[in-house]
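Please consider the sequence and the model shown here. The paragraphs below lead the reader through them step by step.

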Amino acid sequence: MAHDAHESHTGLIWKVFGLLSVITIVEVIFGILKPESLHLTQFLGTSLLNWLFLILTLVKAYYIAWYFMHLKQEKTSLRRAIVWTCVFLICYLTTLMLIEGGYIQDTLAPYISWSYNK
Amino acid sequence: MESTVVTDNSNEGVWSGGGKKPFAASYGKMMMWFFIMSDALTFSGFLVAYGLMRFKFLESWPIADEVFTHVPFIHGHFPMYYVAFMTFILIFSSVTMVLAVDAGHQMKKGKVTIYMLLTIIGGLIFLGSQAWEWKNFINGTYGAVVLQDGKIAQFVDNEGHQIALSDFVVKENIERVQHTRSNGLWYVQDAGELPPYTLNEVITSFNANPNVNLRTEKIDASIKQKTVLSRAEASTYLTKATDVVMGANLKVNEYGKTLFADFFFFITGFHGFHVFSGILINVIIFFNVILGTYEKRGSYEMIEKVGLYWHFVDLVWVFVFTFFYLV
């Protein structure tokens, strides 16, 4: 047990902070500019821009969980018990609900009137 | 024989689950992870519900860039900047928290105290920012009219930029009285605040001003922007208008779908409540650090457990930020 060998991780913490800030700034820049080559595309149900946001979000989540919540230092078994459970359940729920939402939209949209000329 | 029954009398009366440490995690830490897991799934439920409703109304959902455009002390249209600032504050308070945990491992009481204080301050700034964001959302920016079927129609200028009602509506010289239950009308519900203009004033001013156009909630899929109507079509819309809306609440929302406001209030509210309780817990721990509770205990593990919760709140915000402001 390395109980008294608690060396400081300050350098690593600041590095992670820098990375999280850079990712946030990149997200905000893309969010403001919304380049048409990414925004007006369609790939697997949404635009490439949205996929970029999603991936960057997951990268941020990874760094927060691994380095701030110290999942990296936990036993592999505990880490998997936490991460896999969440990831599988959330993926499952999200997939079903978004497919269902898309279906309702497709079915409902033709019945919504956008014209008021009698 | 001792392998099956563990009796650890030394910890009697202490809520620690005995000496066993599954996954090499202490009882308190394990329970914090249990809580975080359940809370993570709760938030997932909320966000997935938001996703379901958004996909259901994909062609008419409000565009976040047009809703959250305020920056303190500056007038104008600045999407994203303020919420980016809020995100930054929360990440930074996460950093000071993890620095406190780090200092705790090395039993440095002074450093833990300072970093805990910074974390609390970061939390308070975030909470204040959120309150300000809510205030802007509730008070509204432009104002709109609501049609008889609940659709929202907003006003734009010739370039398609949204304009406020106060930019073109001329007030008529009439007296308007707010009906309340207290002045004898016991059979009516107290309506909300009177909107700044009457429907009549809005329609008259619209007809008198050819530079104003009407915009519907429907998103033009080819440019991913709301559809602007022709002047002729706009007047047929306005004949179906029933009310003037200013701002957003749980019943009506000048920015579009009321559901958007409902989810915004509920999810950011629930998250804000987490931040609030996080600050409360941090304050308690902060005083414990000053009093030397953990110094006497010989371990600063409590900072780590509270830190887990605080980081989790940050983690949730990362997702709320993505789904409410970016995507």
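The structure is a predicted model. Its overall scores are an ipTM of 0.93 and a pTM of 0.90. For chain B, the mean pLDDT is 90, and 91% of the residues reach a score of at least 70. Among the elements of chain B, the lowest mean pLDDT, 90, belongs to helix α2 of chain B (residues 64–67), whereas helix α7 of chain B (residues 258–291) has the highest, 97.

Chain A contains four helices and zero strands. Along the sequence, the order of elements in chain A is therefore written α-α-α-α. The overall dimensions of chain A may be considered next. Its radius of gyration is 21 Å, whereas a compact globule of 118 residues would have a value near 13 Å. Along the principal axes, the C-alpha atoms of chain A occupy a box of roughly 80 × 35 × 20 Å. Of the 118 residues in chain A, 15% are buried.

The two chains meet through 45 residues of chain B and 47 residues of chain A. On the side of chain B that touches chain A, at least two residues each come from α1 (27–56), α3 (81–105), β3 (213–220), α6 (231–239) and α9 (301–326) of chain B. The most is given by α1(B), which supplies 11 residues to that side. Sorted by class, the side of chain B that touches chain A comprises 27 nonpolar, 10 polar and eight charged residues.

One pair of helices across the two chains can be followed in detail. Two packed helices are described by the angle between their axes and the distance between the axes. Helix α1 of chain A (residues 10–33) and α3(B) have axes that come within 10 Å and cross at roughly 170°. Because this angle is over 145 degrees, α1(A) counts as roughly antiparallel to α3(B).

Which residues bring α1(A) and α3(B) together? From α1(A), the residues are T10(A), I13(A), F17(A), L20(A), S21(A), T24(A) and V28(A). They meet A84(B), T87(B), F88(B), I91(B), V95(B), V98(B), L99(B) and D102(B) in α3(B). By class, this contact of α1(A) with α3(B) has 10 nonpolar, four polar and one charged residues.

Terms used: Residues numbered from 1 in each chain as written. Chains lettered and ligands numbered in written order. Predicted model: local features only at pLDDT ≥ 70, side-chain atom pairs only at ≥ 80, totals over all residues. pLDDT = per-residue confidence, 0-100. Contact = placed C-beta atoms within 7 Å. Nonpolar A, V, L, I, M, F, W, Y, C, P; charged D, E, K, R; others polar. Rg over C-alpha atoms; globule rule 2.2 N^0.38 Å. Buried ≥ 20, exposed ≤ 12 C-beta atoms within 10 Å, placed from the backbone. Axes fitted to C-alpha atoms, helices over the stretch in contact; angles between N-to-C directions. Parallel < 35°, antiparallel > 145°, perpendicular 65-115°, else oblique.
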